Amino acid sequence: MAVKQSSLIIGRQPLIEALESGRAIDKILLQKNTGGDIVNQIRQLARERQVPIQPVPVEKLNSLTRANHQGVLAFVALVPYLDLQQVIDHVVSKGEAPLFVMLDGVTDVRNIGAIARSAVCCGAQAIIIPDKGVGALNEEAMKSSAGALEHIHICRVNSLLKAVDTLHLNGIQVFTSEMRADKKVFELHFPNPCCIIMGDEGRGVQAHLAKAADAFFTIPMATKFDSFNVSVATGIVLYEAMKQRIK
């Protein structure tokens with residue numbers, strides 16, 4: 001795998017400095033069975049800043065760089081990750097009704113890029129992603145988004161369920177798709193503050209997350225052919241939200 005060295009933070013002290021400065025980091029690769037005070041400090045800082053750590057064999061690190069990595073590498077994020085509550089406060093202070101998208105288990109970076117593009121075009125202000133189990137916001141995602149990832153707030157959280165609680169506490173309703181739902185997507189009321197949860201095409205939205213939703217919807221189709229791709233489905237939902245808000 002070809003990785004630009006400029007997209008890596010190599011070594012323990014450079015990583016600590018990057019974490020302490022608040023630099024946006026996608027994830028940290030830490031050599032298995034590595035310990036010590038400095039490594040514990042890295043773990044603590046990563047926990048505070050919600051940066052995921054992935055234990056890997058030394059061979060993985062050696063394949064990414066020839067430099068002295070000291071058992072640790074980190075991938076620099078191409079976009080800044082923001083606090084969900086701060087983004088909510090910012091959107092509301094501008095007099096806007098929040099329209100957010102939450103991604104659960106969407107791993108294809110091209111889908112994430114396409115979703116970001118639709119989100120920006122349709123007026124959504126933020127995308128909420130988990131710190132694990134989602135595709136990286138890398139150069140391919142950026143390319144697929146046509147640069148839209150630079151024009152929307154990205155909130156990375158360590159628990160999507162806790163994020164739903166935060167949304168509810170701020171008066172933001174949560175909608176998600178369900179094959180057996182009674183409501184069609186155009187029967188939802190999108191002008192109110194809301195967040196749409198979109199799940200992986202295979203397993204959909206996790207059951208415990210779906211249970212926390214305020215309403216379920218389906219997207220009608222003219223035929224019984226499989227289903228819409230997740231990025232297309234998200235675009236349809238967001239367009240309906242935009243249409244209602246324009247009215």
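Reply: Gladly! Let's start with a term: a residue is buried under 20% relative accessible area, exposed over 50%, and partly exposed in between, using a 1.4 Å probe and protein chains only. This is a predicted model, in which local features need pLDDT of at least 70 and side-chain atom pairs count only at pLDDT 80 or more, while totals for chains, interfaces and linings use all residues. Residues are numbered from 1 along each chain as its sequence is written, and side-chain values use heavy atoms, with hydrogens and water left out.

Me: Why does Ser 145 count as buried?

Reply: Its relative accessibility is 1%. The limit is under 20%, so Ser 145 is called buried. You can find Ser 145 in the loop between α6 and β7 (153–157); helices (H or I, at least four residues) and strands (E, at least two) are DSSP runs, numbered from the N terminus.

Me: What makes Asp 108 and Arg 110 a salt bridge?

Reply: A salt bridge is a side-chain nitrogen of Lys or Arg within 4 Å of a carboxyl oxygen of Asp or Glu. For Asp 108 and Arg 110, the closest N and O atoms are 3.2 Å apart, so the pair qualifies. Asp 108 counts as partly exposed, with 26% relative accessibility.

Me: Which residues are linked in a network of salt bridges?

Reply: The network holds Asp 108, Arg 110 and Glu 140. Arg 110 and Glu 140 meet through their side chains at 3.9 Å, N to O. Arg 110 belongs to helix α5 (residues 109–121) and Glu 140 to helix α6 (residues 139–144), so their bridge ties together parts that are 30 residues apart in sequence. Glu 140 has 41% relative accessibility, which makes it partly exposed.

Me: How many salt bridges does the whole structure have?

Reply: A search finds 6. One of them joins Arg 203 to Asp 104, where the closest N and O atoms are 3.9 Å apart. Arg 203 sits in the loop between β9 (194–199) and α8 (207–210), and Asp 104 in strand β5 (residues 99–104), so this pair ties together parts 99 residues apart in sequence. Asp 104 has 2% relative accessibility and therefore counts as buried.

Me: Why is β5 described as largely enclosed by the rest of the structure?

Reply: Because 6 of the 6 residues of β5 are buried. In a regular strand, side chains alternate between the two faces of the sheet. In β5, Leu 99, Val 101 and Leu 103 are buried on one side, and Phe 100, Met 102 and Asp 104 on the other.

Me: How do you know that β5 pairs with β9?

Reply: Two strands pair if DSSP finds at least two bridges between them. 6 bridges join β5 to β9, so these strands pair, and they run parallel. Met 102 stands opposite Ile 197 in β9. β5 is also joined to strand β6 (residues 126–130) by 3 bridges, again running parallel. There, Phe 100 stands opposite Ala 126.

Me: What is the strand order in the open sheet of 6 strands?

Reply: The order is β7-β6-β5-β9-β8-β10, with parallel pairing. β7 and β10 (215–217) are the edge strands, each pairing on one side only.

Me: Why are α5 and α9 called roughly parallel?

Reply: They pack at an angle of about 10°, with their axes 9 Å apart; α9 covers residues 230–246. Axes are lines fitted to C-alpha atoms, for helices over the stretch in contact, and angles run from 0 to 180 degrees between N-to-C directions. Angles under 35 degrees count as roughly parallel, over 145 as roughly antiparallel, 65 to 115 as roughly perpendicular and the rest as oblique. With about 10°, α5 and α9 are therefore roughly parallel. Among the residues making this contact are Ala 114 and Ser 118 of α5, and Thr 234 and Leu 238 of α9.

How values were computed. Contact means heavy atoms within 4.5 Å.
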